[in-house]
Amino acid sequence: MFVTAGKSLAILLLSLVTVLALFSVSPVYDFTMPGPFRGPDIFNPYSALDTAVSWKRANFHTHTKVKSVFNECDYWPGEVYDAYSKFGYDIVTFSNHNALTVHPFDSTLQVNVYEHGYNLFKYHLLVFGSDRVGRFDPLLPILTSQRQWKLDILGKNADFIQLNHPFRTNLTSRDDMECLTGYRIIELDSGVTTEQEYWDWALSAGHYSFALANDDLHYPDRSDRIAVRCNMLCCDGADYGTLKSTLLSGAYYCMRIPDFGGGDWEVKYAENKRLPQISDIGLKTDTAYVKLSRPAVRIKATGQDGKTLASVEEAKSMCWKMHPEDSYVRFTAYFDDGVVIYTNPFARYDASKTDSPYAESAHSVNAVLTILYNLLVLVVAAGCMALIILVARCGRKGER
């Protein structure tokens, strides 16, 4: 009996390795990193900001119950939407894993977005504007090239892509962030630290992106999981066309919010209605500035390599004059109740050549390494298959 069980386990493990190997096939790229942002002009993500338009509170990374065997949430989209409405959210999009979810009550608010990825490293992406779900996924995305290939494939049938929770994506390194391109938004905040080093690694390498902070909601019935992140968008509607235009222009900021009340829902509802806000933000000549609705304990300006350029204490505003050597600057405001506000970055660029600092960096296929790597993958897969056959035959002989 033990011999039979051992052989079955061996076949199972070998089969798993075979599948992992086959799903690891990938081109190997030579990456070209653009380097720090440079240019005579400064990109202002808030240039289209209209303070007469109200800010809308949004969460874009939301899981719900779906009509499937596999569910990551016990509540249907309508129930989740109602839960968010109690906290004052105006926009909720449903980004279930590898599935497009229909808006529960208003087709004009439909946003085709889904979370792509079932790999073992949690390398996930939010895919916006796709009419179908991409199915291919490297199950062990160890190589930066594998992660880039996934971005390239999904980007062909998407309006734009968000790079999800890099803090929680296993084996994500600074090298990855300095090479990866093709996403327009990065998801912030790990829940452990308020610093955003992964974003700064990418920005410092010349990969411009905006930022969103989302709940990545799975448990709307738990106070420590819902309304602990949000995004404030300056827009006049919640239809996909308006959201797409706003998200790609940068006229928004994101927030980390404590679990007010620690389980007391009434306290949580009340405190979420009095959150601090950005009252004004923009660029005057070469000086970036931010103004808040109430004083922050600290406001800091972050620049190249994640360095703190300056900070002010107990203040409602801050400005930073960008010197020629400043590639970018972004503001972070910390409040005494635990709320944190993050702005999108102001960055150098050449307005005569491009509309923004965002650019998809070149990555060419290294033919030699691609052939050698994929040969290795196929050899591993073939070897495992041969061992499976051998073990199975040994099992049949033992039975005789």
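1. A salt bridge is a side-chain nitrogen of Lys or Arg within 4 Å of a carboxyl oxygen of Asp or Glu. By this rule the count is 13 salt bridges. Side chains of opposite charge can pair when their charged atoms come close.

2. Some ground rules. This is a predicted model, where local features need pLDDT of at least 70 and side-chain atom pairs count only at pLDDT 80 or more, while totals for chains, interfaces and linings use all residues. Residues are numbered from 1 along each chain as its sequence is written, and side-chain values use heavy atoms, with hydrogens and water left out.

3. Start with aspartate 305 and arginine 174. Their side chains form a salt bridge, 3.4 Å from N to O. The two residues sit 131 residues apart, and the pair links distant parts of the chain. Aspartate 305 is in the loop between β13 (287-302) and β14 (308-321). Arginine 174 is in helix α4 (residues 174-179). Helices (H or I, at least four residues) and strands (E, at least two) are DSSP runs, numbered from the N terminus.

4. How exposed is this pair? Buried means under 20% relative accessible area, exposed means over 50%, and partly exposed lies in between (1.4 Å probe, protein chains only). Aspartate 305 is partly exposed at 43%. Arginine 174 is partly exposed too, at 33%. Arg174 and Asp305 also belong to a network of salt bridges with Glu178.

5. Next, glutamate 195 and lysine 300. Their closest N and O atoms are 2.8 Å apart, in a salt bridge. Glutamate 195 lies in the loop between β8 (185-187) and α5 (197-204), and lysine 300 lies in strand β13, so the pair ties together parts 105 residues apart in sequence. Lysine 300 is buried, with 4%.

6. Now look at arginine 330 and aspartate 200. This salt bridge has its closest N and O atoms 2.8 Å apart. Arginine 330 is in strand β15 (residues 328-334) and aspartate 200 is in helix α5, so the pair ties together parts 130 residues apart in sequence. Arginine 330 is buried at 2% relative accessibility. Aspartate 200 is buried at 5%.

7. Turn to the strands. Two strands pair if DSSP finds at least two bridges between them. Strand β12 (residues 278-284) runs antiparallel to β13, and 6 bridges join them. Glycine 282 stands opposite tyrosine 289 in β13. The hairpin of β12 and β13 has 2 residues between the strands, and threonine 285 there takes a positive phi near 60 degrees.

8. Which residues make the nonpolar surface patch of about 490 Å²? They are Val368, Leu369, Ile371, Leu372 and Leu375. Patches are made of residues with over 30% relative accessible area and no salt bridge; like charges are joined within 9 Å, and nonpolar side chains (Val, Leu, Ile, Met, Phe, Trp, Tyr) within 5 Å. Areas come from the Shrake-Rupley method with a 1.4 Å probe; for residues, only the protein chains shown count as cover. Leucine 369 lies in helix α8 (residues 367-399). Leucine 369 is partly exposed, at 43% relative accessibility.

9. Last, the cysteines. A disulfide is a pair of cysteine sulfur atoms within 2.5 Å. The structure holds 0 disulfides. Cysteine 234 is in none; its nearest cysteine sulfur, that of cysteine 235, is 7.2 Å away. Cysteine 234 is buried, with a relative accessible area of 10%. Cysteine 235 is buried, with 4%.
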